[in-house]
Amino acid sequence: MKNMTVFLTMGIAAWFAGNTHAASPYAGKAKAAAVCAQCHGIRSPAAEAPFPVLAGRDVQYLRMALKQYRDKTRTAPIMNNIAGSLSDRDIDDITAYYSRVTP
Ligand code: HEC
């Protein structure tokens, strides 16, 4: 019985720990509004701006692009700087958000 309780407690703890790693589009929304929207906008960039649209894009693509900017396998000075300060968590949250926005 005691073993069963330990087992359940550990299982629940693992479930919570796993859950906190799930991407949060809500957290991503705040981060996107604070940083990314200055250039990329939310639904679309300013009409005359040369920045790519992020809204509604494939989440895997966005995540890959940001990791490439971060490790500089894709070079673009602005994005290398910005992605350099993003954690994996930030990338997951922001891409979860942008991919859900209707452009
Ligand atoms: C100061 C302007 C600026 C800001 C702020 C900015 N970006 Fe960018 N972003 C750019 C430019 C310019 C490019 C095009 C770079 C290139 O040619 O690869 C780009 C490209 C990208 C791409 C690649 C798109 C594609 O079609 O391949 C992604 C993804 C991206 N940005 C995500 C973000 C995210 C997420 C943020 C916020 C954390 C952000 N950007 C903030 C200017 C900006």
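# Questions and answers on the structure

From the N terminus on, the elements of the protein chain follow the order α-α-α-α-α. This is a predicted model, in which local features need pLDDT of at least 70 and side-chain atom pairs count only at pLDDT 80 or more, whereas totals for chains, interfaces and linings use all residues. Residues are numbered from 1 along each chain as its sequence is written.

User: How many helices and strands does the secondary structure of the protein chain have?

Analyst: Helices (H or I, at least four residues) and strands (E, at least two) are DSSP runs, numbered from the N terminus. By this count the protein chain comes to 5 helices and 0 strands.

User: What percentage of the 103 residues of the protein chain count as buried?

Analyst: A residue is buried if 20 or more other C-beta atoms, placed from the backbone, lie within 10 Å of its own; it is exposed if there are 12 or fewer, and partly exposed in between. Of the 103 residues of the protein chain, the buried share is 16%.

User: Are α2 and α5 roughly parallel or roughly perpendicular to each other?

Analyst: The axes (lines fitted to C-alpha atoms, for helices over the stretch in contact, with angles from 0 to 180 degrees between N-to-C directions) of α2 (residues 25-40) and α5 come within 7 Å and cross at roughly 90 degrees. Angles under 35 degrees count as roughly parallel, over 145 as roughly antiparallel, 65 to 115 as roughly perpendicular and the rest as oblique. The two helices α2 and α5 are therefore roughly perpendicular.

User: Which residues does Ala32 touch, not counting residues up to four places away in sequence?

Analyst: Two residues are in contact if their C-beta atoms, placed from the backbone, lie within 7 Å. Ala32 belongs to the largest nonpolar core and to the contact between α2 and α5. With residues up to four places away in sequence left out, Ala32 touches Ala37, Ile42, Ile94, Tyr97 and Tyr98.

User: Which element gives the largest share of the shell around the ligand?

Analyst: A residue is near a molecule or strand if its C-beta atom, placed from the backbone, lies within 6 Å of it. There are 16 residues around the ligand, the closest being Cys36, Cys39, Pro52, Ala65 and Ala76. Two or more shell residues come from each of α2, α3 and α4 (77-84). The largest share, 5 residues, comes from α2.

User: At what angle do α3 and α4 pack?

Analyst: Leu66, Tyr69 and Arg70 of α3 meet Met79, Asn80, Ala83 and Gly84 of α4. The axes of α3 and α4 lie 7 Å apart, and the angle is about 95 degrees.

User: Is lysine 72 buried or exposed?

Analyst: Lysine 72 is placed in the loop between α3 and α4. Its phi is positive, about 65 degrees, although it is not a glycine. With 12 other C-beta atoms within 10 Å, lysine 72 is exposed.

User: What separates the C-alpha atoms of glycine 56 and arginine 43, in Å?

Analyst: Glycine 56 is found in the loop between α2 and α3. Arginine 43 is 13 residues from glycine 56 along the chain, and their C-alpha atoms are separated by 8.2 Å.

Note on methods
A nonpolar core is a set of buried Ala, Val, Leu, Ile, Met, Phe, Trp, Tyr and Cys residues joined through C-beta atoms within 7 Å.
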